[in-house]
Amino acid sequence: FSGSYRLSLANDDWRSRTPFANDTMVDKTVPTHEYTLGGPLEADRLWFFNAGRFQTQESSLTTAAATAIPYTRTNDEKRYEGKLTYSPASGHTIAGSYLRADQVLDNFTQFNVLDLASLGRQEQRSKLWTLHYTGVFGSSLFGEMYYSRRLGALTAGGARTTDLIAGTPVIDGRNGQRFWSPTFCGTCGADNRDNDDVALKATYFRSGRGGSHTVVTGYDRYADHRQANNFQSGSNFRVQSAASLVQGSTVYPVLAGPTFIITTPILLASQGTDLVTHSVFVNDDWRFGDRVSFNLGVRFDRKATVFLVGDSG
């Protein structure tokens, strides 16, 4: 058996300061833990491997210059990996693996915001399963089979409420800066990004008077599924004000002049989009002696996209 452990240390206070007078540091040492562990479960037949990585980062940021409110963004990230490799007979191997990654960002935003109420929570989670078989058949034929499936979900760092007041962001019409509530909706469902892949491949070798041939042929089917409802706010409303008035750390909308109430409702939930690609290929590497070779091949791809009924926003 063999394994390893690694500890990395980081501190926001160790970085260089920015030119802004209100630049603050988070004087907290953040550890990152990484480990590996593996070895045989049965001699020359069954092996395992396991690994992980865990960290929680904290960084000091500020809102837009008009308010310059300091805040701390937290990035909590966890990754896991497990693998089993089995050899039922000489020349044949089956390997299965599982990978998982979870990331949570607190006090997250993609925009230039004026207050802390516009900060949200973004979550990204993914799982990946793979199964891979390789086999040697005689002295001339080698085969592979591969399967993978990924489940991915992204939750926008938007409003944590659908309340008509607390879930409606306000946008300053002069500069696009936002306040009052996070953009997008953080409780209206995740953006799902899933896919699966099946591949078959065979390699055949033959040598004779006419030279040697290495022929590779195979088939691949890749399917991608995407489902998202693009909610622009928690309440399905946004207010674009003529301007904004800042008093200390509080921001007020100026409603005099050109002010708009904007709504982008999801009238029908998205059923998702499916993209399937079928690929067939064959390639011959034909060699004469040590100096002359021909590489001949052909590949055919067929793609089919299905847009299911629904309104993505």
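**Strand pairing in the open sheet**

Strand β16 (residues 273–288) is paired with β17 in the antiparallel sense, and 16 bridges connect the two; strands are DSSP runs of E with at least two residues, numbered from the N terminus, and two strands count as paired if DSSP finds at least two bridges between them. Within this pair, His278 stands opposite Arg302 of β17. The structure is a predicted model, in which local features need pLDDT of at least 70 and side-chain atom pairs count only at pLDDT 80 or more, whereas totals for chains, interfaces and linings use all residues. Residues are numbered from 1 along each chain as its sequence is written, and side-chain values use heavy atoms, with hydrogens and water left out.

The two strands belong to an open sheet of eleven strands, arranged in the order β1-β2-β3-β4-β5-β6-β7-β10-β11-β16-β17 with antiparallel pairing. Because β1 (2–11) and β17 (292–307) stand at the edges and each has a single partner strand, one side of each is left without a neighbour in the sheet. Direction ignored, neighbouring strands of this sheet are turned by 10° against each other on average, the axes being lines fitted to C-alpha atoms.

Strand β2 is in turn joined by ten bridges to strand β3 (residues 46–62), the two running antiparallel, with Leu37 bridged to Asn50 in β3. A hairpin is formed by β2 and β3 with three residues between them, and Asp44 in the turn has a positive phi of about 60°.

Terms used. Helix = DSSP H or I, 4+ residues; strand = E, 2+ residues; numbered from the N terminus. Axes fitted to C-alpha atoms, helices over the stretch in contact; angles between N-to-C directions.
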